[in-house]
Amino acid sequence: MPQAPKVDALIVGFGWTGAILAQELTDAGLNVLAVERGDWVDTATDFATTFAQDELRYYWRKELFQRPAHETLTVRNNVAETALPMRQLGSFLPGVGVGGAGVHWNGQTWRFLPSDFVARSHNIERYGKAAVPDDMTIQDWGVSYQELEPYYDKFEYLCGVSGKAGNLNGAIQPGGDPFEGPRSREYPNPPLEMPYAPTLFAQAATSLGHHPFPHPASNLSRAYTNPLGVQMGPCTYCGFCEKYGCGNYSKSSAQTTILPVLMRKPNFTLKTNCEALKLNLAPDGKSVSSVTLADANGQTYDQPAELVILSAYVLHNVRLLLLSGVGKPYDPKTGEGIIGKNYAYQITSSVRFTFDDKILNPFIGAGALGMMMNDYNGDNFDHTGLGFIGGGYIGVLQTGARPIETLFDPGDLTAWGADWKKKTARDYLKTFFIATHGAVMSHRGNYLDLDPTYRDVFGRPLMRMTFDYTDNEHRMSDYLTDRAVEIAHAMNPREVKPKYRKGSWDVVPYQTTHNTGGAIMGTDPKSSALNKYLQMWDVPNLFVMGSTAFPQQPGYNPTGTVAALAYHAAEAIKSQYLKAPGQPLVQA
Amino acid sequence: MDSDGLGDGGRARLSRRRLLSAGALLGAAPLGVGAEAIRGSGPPWTPNTAAYPQAADTGHRYDFFTGPEAAFVEAAAERMIPKDELGPGAVEAGVPIFIDRQLAGDFGKAASWYMQGPWAAGEKTQGYQSRYTPAQMYRAAIAGIDKATQRASNATFARLGGDDQDAFLKRLASGDQQLDGVDAKSYFKLLLQNVMEGFFSDPIYGGNRDMAGWKLIGFPGARYDLTAYVTQHGKPFPLPPVGITGRPAWTRS
């Protein structure tokens with residue numbers, strides 16, 4: 001196979017973490033090549049504000065997302081079922097092209113709780129050993145909130161997050177989230193303006209003794225210049241943010257925060273339409289010597305590199321490790337092996353409320369616009385006697401009520417006809433939803449491996465996802481939904497209609513693109529694939545970015561932590577690894 | 001009709017890529033020739049490459065549907081969203097034309113779906129597992145529906161009375177009505193989705209004519225800046241809806 005000239009660092013996948021690592025490693029003087037299998041994407045051109053507000057094209061025809069025809073995965077709820085391909089997208093929406101899913105994300109920019117990073121030891125300490133059953137394979141992360149704080153801060157200032165601090169260096173701040181971990185300074189920008197529905201929610205939640213606050217948003221509340229010198233403009237609340245691209249420089253993405261600087265550097269090269277097929281190990285198996293790449297003509301060649309960063313979407317990172325034979329695949333029967341272990345997700349529910357007399361104008365929106373509360377997230381409340389651990393946030397997130405998504409529910413085939421039309425005309429402007437968004441604890445039977453039957457366009461096995469919610473998730477989600485119902489009633493609407501998450505995980509309805517795990521981080525190579533710097537224990541010149549590293553999924557959106565872990569890794573590469581390349585940063 | 005679904009913008013981008021590849025094949029770069037390599041020049045930008053949407057041509061009748069198929073879709077869509085005192089129904093809003101153009105294009109061909117075998121029915125939680133593309137499913141299902149109503153009532157679906165049509169559609173939705181060769185519930189779900197898409201998507205795609213769907217519910221359409229209205233709590237939004245290409249009042253009296 002032909003070989004390209006060796007590079008200092010090869011970055012596979014060019015979304016948020018790829019751009020962050022490229023920016024940091026080129027700053028350190030390395031010659032960096034990034035490869036991205038999708039197209040170049042320029043937000044102002046591709047999502048011009050004159051045509052970006054197109055629900056059919058972007059959401060229903062899924063123009064911004066991975067095409068299953070190119071690559072999909074197979075899914076099943078348990079090992080007794082035969083996995084079948086996800087033939088069209090549904091439950092989650094991986095991105096494609098430069099910027100990845102960071103182009104169509106909402107901008108919900110959370111930090112996890114300090115206790116989330118020690119989920120196993122914390123819960124056992126507070127509730128006893130029985131709180132974590134044998135099959136619940138949760139782990140401590142091997143990194144602490146305090147260690148990540150400077151990197152959370154760095155990402156929030158890169159993005160220009162709009163929000164209100166609730167805990168500044170230990171001092172609780174009025175108007176912010178009193179449950180959050182201590183932060184070293186205020187958010188770079190003030191909260192977004194608040195529309196009616198979140199305002200009513202906040203009043204009702206406060207009346208019940210809860211602590212609502214404005215959602216931290218990578219949607220800009222005012223003009224901003226970030227620390228790299230890149231300028232952004234204020235959000236216009238058009239309501240096409242979640243699942244859409246922003247051509248207004250108002251939603252943070254790699255394009256709007258890093259690329260204007262990075263793409264000018266002479267020591268950085270980006271190759272688009274270039275797909276990584278396999279990591280090639282050196283003969284001793286202790287380093288990656290090259291990555292096999294395929295260009296758009298189907299020609300394959302080897303790209304040697306001193307340092308390899310895997311920064312594709314979580315599912316693609318895991319699949320590439322499995323296809324390459326890097327690390328030992330996880331076996332759910334024995335609990336042995338590590339790659340594919342602890343796949344987790346998110347559990348969501350909603351409560352619809354409809355007023356007779358209040359016009360909510362629900363079409364106004366931004367991706368992370370809303371009032372939220374963490375009173376029932378993580379271990380912010382006493383779980384004694386509840387029968388579950390973990391939690392989630394509750395809030396009104398007004399991303400914009402695009403009509404098809406609001407009025408068509410693939411799970412309800414009765415919503416049509418003469419009466420439906422009258423009811424819809426009467427209620428659309430006066431209806432909104434309280435959302436709950438909860439943790440998924442990892443479980444012995446939830447994992448990723450290669451499918452024995454189905455193949456992608458290159459003839460390689462698809463990945464197989466075996467996943468279902470356990471009693472822990474259902475009890476927790478029902479508990480959150482019950483709280484949301486109480487708050488909805490306190491708003492005094494005409495109608496309150498909860499939608500609990502019942503039964504097995506279903507690939508059809510959209511839930512969240514918060515897939516996690518499969519090459520998890522931890523404190524030792526027996527129970528984890530990566531050390532605290534996302535460096536592979538067995539292969540020290542390989543670092544794996546993304547929520548791939550999460551040992552389980554807390555109750556928050558993952559991107560803030562994904563980025564903080566990436567910056568934390570980049571700093572360790574710059575300050576330690578490059579002084580002794582090829583060496584582990586943590587001794588096993 | 002935009003059969004490849006790329007739009008002119010998409011085609012321009014593709015041909016730009018092909019040109020680059022062709023140049024490279026003539027001997028410029030030995031490796032990775034199909035990939036676009038960008039180095040040191042800033043974010044690439046090329047004029048006239050915006051991937052703007054491609055409007056459906058609504059100046060003629062059906063591209064995909066046969067006469068009997070169109071009769072079924074018009075009748076069923078109108079039962080799902082009937083014309084009433086509040087405004088137009090699905091037919092007046094162009095929903096059947098919208099569905100026809102979608103089925104004649106990329107969507108109808110399942111161009112972005114994974115359509116490799118082997119095939120199995122699977123669990124409900126595993127989603128769509130039919131071998132049919134949407135276009136094939138419409139063709140098979142409508143034939144099956146007319147066969148079923150002929151057998152039971154000696155008439156095609158379109159010739160049934162409104163109440164009988166509703167009852168039949170409800171049986172499709174519940175799975176009580178089986179069809180020869182196609183899963184009735186899967187088809188009903190597809191049809192309902194497409195009707196809602198046609199009534200509420202941007203008029204550029206042939207449905208939601210004169211923004212009838214948006215006017216019905218009070219959705220203001222493809223507006224860029226709603227900042228001034230965020231904190232106008234409880235106040236009706238004062239402006240009429242607008243589509244990607246404007247609104248009729250801009251070009252017609």
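Residues are numbered from 1 along each chain as its sequence is written, while chains are lettered from A and ligands numbered from 1 in the order in which they are written. Because the model is predicted, local features need pLDDT of at least 70 and side-chain atom pairs count only at pLDDT 80 or more, whereas totals for chains, interfaces and linings use all residues.

**View 1. Chain A as a whole.** Welcome to chain A, which holds 13 helices and 23 strands. Helices (H or I, at least four residues) and strands (E, at least two) are DSSP runs, numbered from the N terminus. The C-alpha atoms of chain A fill a box of roughly 70 × 55 × 50 Å along the principal axes. Of the 588 residues of chain A, 63% are buried. Here a residue is buried if 20 or more other C-beta atoms lie within 10 Å of its own, exposed if 12 or fewer, and partly exposed in between, with C-beta atoms placed from the backbone. Among contacts in chain A between residues at least 6 apart in sequence, 75% join residues at least 24 apart. Two residues are in contact if their C-beta atoms, placed from the backbone, lie within 7 Å.

**View 2. A six-stranded sheet in chain A.** Look here for an open sheet of 6 strands in the order E7-E16-E17-E18-E15-E21 (chain A), with antiparallel pairing. Strands E7 (213–214) and E21 (495–499) of chain A stand at the edges, each with a single partner strand, so one side of each has no neighbour in the sheet. Inside the sheet, E16 (residues 370–373) and E17 (residues 392–397) of chain A are joined in the antiparallel sense by 4 bridges; two strands pair if DSSP finds at least two bridges between them. Gly370(A) has Leu397(A) in E17(A) as its bridge partner.

**View 3. Helix H6 on that sheet.** Helix H6 (residues 196–207) of chain A packs on the sheet and touches E16, E17 and strand E18 (431–438) of chain A, its direction making about 25° with that of E16(A). Axes are lines fitted to C-alpha atoms, for helices over the stretch in contact, and angles run from 0 to 180 degrees between N-to-C directions. From first C-alpha to last, the 12 residues of H6(A) reach 17 Å, close to the expected 16 Å, the expected span being 1.5 Å times one less than the number of residues. Among the buried residues of H6(A) are Tyr196(A), Leu200(A) and Phe201(A). Their cover includes E16, E17, E18 and helix H12 (471–490) of chain A. After the helix comes Gly209(A), with a positive phi near 90°.

**View 4. A four-stranded sheet in chain A.** This open sheet has the strand order E4-E3-E20-E19 (chain A) and mixed pairing. At the edges stand E4 and strand E19 (447–455) of chain A; each has a single partner strand, so one side of each is left without a neighbour in the sheet. Helix H9 (residues 314–324) of chain A packs on the sheet, touching E3, E19 and E20 of chain A, and its direction makes about 120° with that of E20(A).

**View 5. Strand E3 and its partners.** E3 (residues 73–76) of chain A runs parallel to strand E20 (residues 461–466) of chain A, joined by 4 bridges, with Leu73(A) opposite Met463(A). With strand E4 (residues 84–85) of chain A, E3(A) pairs in the antiparallel sense over 2 bridges, and Val75(A) stands opposite Leu84(A). In a regular strand the side chains alternate between the two faces of the sheet. Leu73(A) and Val75(A) point one way from E3(A), Thr74(A) and Arg76(A) the other way, and all are buried.

**View 6. Where chain A meets chain B.** Chain B has 8 helices and 1 strand, and 39% of its 253 residues are buried. The contact takes 88 residues from chain A and 77 residues from chain B. Strand E10 (residues 268–272) of chain A pairs with strand E1 (residues 36–39) of chain B in the antiparallel sense over 4 bridges. Within this pairing, Thr272(A) has Glu36(B) as its bridge partner.
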